[in-house]
Amino acid sequence: MLDQFKKSKKYFKKTPNLENYEKTYREFSWKNVSESELTWFDNGKVNAAYNAIDRHLDSPRKNKIALYYEGPNGEQEKYTFEEMSQKSNKFGNFLKALGVKRGDRVFIFLPRNPYLYIAFLGILKIGAIAGTLFSAFQEQALYDRLENSGAKVLITDKEFAVRVEKIRHKLPNLKHLVLIDDESSLKEINDSSAELHIDRMNPEDYAFMLYTSGTTGKPKGVVHRHLAILSEHITAKYVLDFHEEDTYWCTADPGWVTGIAYEILGSWSNGVASVVYGGRFDASKWYEILEKYKVSVWYTAPTAVRMLMAQGIDLVRKYNLSSLRHILSVGEPLNPEAIRWGLQAFGLPFHDTWWQTETGAIVIANYPCLDIKIGSMGKPFPGITAGIVDDQGKELPPGQEGNIALKPGWPSMMKTIWRRPEKYKSYFLNDWYISGDRGLKDKDGYFWFIGRADDVIKTSGERVGPFEVESALVEHPSVVEAGVIGKPDSLRGEIIKAFVVLTKKYQDKVQDKNYSDQLKQELSLQVRKHLAGHAYPREIEFMDKLPKTRSGKIMRRILKAKEMGLPIGDTSTLEEF
Ligand code: WTA
């Protein structure tokens, strides 16, 4: 069994940007890289969007392609850095004319198309706060996010706007819906001036926010500052290892943090040419994209790798993927089989990276210059102190399982949780940032992921809070209560499973197997329609009652143990079950 991938000299097609991990880790200082890697305005002011795009206009990168876009129907467009700059300037001016001011929240609800990227940059340029919404979101998910953020403007298109129109009357702060496929809006955007004074921001000023799920309650708005681009830039340089000639493809959606940090900010700040594919997953299409655009650096997710695996190795062989030189993954555990398959299929190992919406950038990773211990997430990024701590925040020695924790203070550590300062504080313990993941560190300093410490679900790499799914289920007239867990799944990492208690009337009705199947389908659809197209339970089980604490909290941990046939552990706080 292959448990280490050793990199011989001939492995390297390029000298890695990070040549010596130990030395760089030892000598690294955020202050130094902030001076050498970012472009600053006078008086310590900065703008993340300027650093991503506009600063390249003084160099030959001006005419380099920044974005290759391929749409779901094969449409192709491309934009140079100069064009991205001008288009986002126009967008900034257009928003100003709408009355958008510094600090206003402007949200984007679009499928992956060039306007998503242009709008995002335009928002940051005028000092407003950009929020992104995943295209699978439905009414409830949209409402929760738009309401909590108090968004003033929503950038969307005619098709997606239908979902928003239904909730608009409940969103008094939402003043404008901009439809980017509406003739008159497009004309206004295009007629706006391409000259824009880019706002000089304090490094601490808010730049963008993303809603993410925890165990309890509604999703929380994780807010990042302009300075986050420093972490995003330098991690992109050292981990994604961008070189001037690279063509890069990140398969994430900017509705999630990966798409913002490494499809907009950190990647473009390195001046790399990026491919954006707006269509759905399809193995042949993905290989075609890799081949056609001669992708050299590819950042994807374990579920996608497993979906490619499922299509077999013969399919890969039909394509010329010789441009690939560096491949990486994020979002969920990268299983050793996927790495082995990657080696067979592409002759390259996937480099696992670990981070979160809250960390804003990669914090633990496998680096081009280091051998890979297969199954490990790698080592802390320079400038990051990572440790394993117990529940009191005391650091544990190598080999012991505990909470994966980080010393606060790196540039892309979340700045706040929108309007929930207490929630923000709850992440910190004894001067550690507690990630919510459990793991261990081995004697060589490599980190290994064990699981979540809470009930957060990762399905196809996407983060889903059980509470949101439970709330959507109990809206259905048949449901008294519901408990939702992530059930291990060989393809998707986890699938959502719901345990549902029905009203007496429905309990009788589901004695009929046909009716029971029909109701399960209806409940899945209910979640899909109200919450999100990706966050619905693929499995539903009807129960007489759910395990609860004496104070009435549903114990998902027990449901999960039961589902997996594991011992149910400490039940001293459990009501009779
Ligand atoms: C999980 C995604 C195992 C983890 C950038 C984390 C991982 C959560 C890995 C954050 C990995 C991310 N191995 N698990 N390499 N990377 N995770 O906020 O549970 O969507 O806490 O950010 O994904 O998910 P989020």
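**Exercise 1.** Which residues does UniProt list for "transmembrane region"? Describe that span in this predicted model.

*Solution.* The unreviewed UniProt entry lists residues 115–137 under this heading.

**Exercise 2.** State how the chain is divided into domains and describe the contact between them.

*Solution.* Begin with the bounds: domain 1 covers 4–441 and domain 2 covers 455–564. Their centres, taken over C-alpha atoms, are separated by 31 Å. Domain 1 contributes 26 residues to the contact, and domain 2 contributes 24 residues. Next, take the area: the two domains bury about 1900 Å² between them, with 52% of it on carbon and sulfur atoms. Of the area that domain 1 buries against domain 2, S213, T215 and W256 supply 27%, more than any other three residues.

**Exercise 3.** Characterise the polar interactions between the domains, then the side of domain 1 that touches domain 2.

*Solution.* First, count the salt bridges: there are two between domain 1 and domain 2. A salt bridge requires a Lys or Arg side-chain nitrogen within 4 Å of an Asp or Glu carboxyl oxygen. R145 and E468 form a salt bridge, since their closest N and O atoms are 3.8 Å apart. Second, 14 residue pairs are in polar contact between the domains. Third, consider the helices on the domain 1 side: α6 (139–149) and α12 (302–310) each supply at least two residues. Helix α6 gives the most, with four residues. Finally, sort this side by class: it has twelve polar, seven nonpolar and seven charged residues.

Conventions
Residues are numbered from 1 along each chain as its sequence is written. This is a predicted model: local features need pLDDT of at least 70, side-chain atom pairs count only at pLDDT 80 or more; totals for chains, interfaces and linings use all residues. Side-chain values use heavy atoms; hydrogens and water are left out. UniProt positions are given in the numbering used here, feature names are shortened, and annotations may be inferred rather than shown by experiment. Domain bounds come from an automatic or database domain assignment. Contact means heavy atoms within 4.5 Å. Buried area is the accessible area (1.4 Å probe) that two parts lose on being put together, summed over both. A polar contact is a pair of N or O atoms within 3.5 Å; within protein, one must be able to donate a hydrogen and the other to accept it, and residues adjacent in sequence count only if both atoms are side-chain atoms. Ala, Val, Leu, Ile, Met, Phe, Trp, Tyr, Cys and Pro count as nonpolar, Asp, Glu, Lys and Arg as charged, and the others, Gly among them, as polar.
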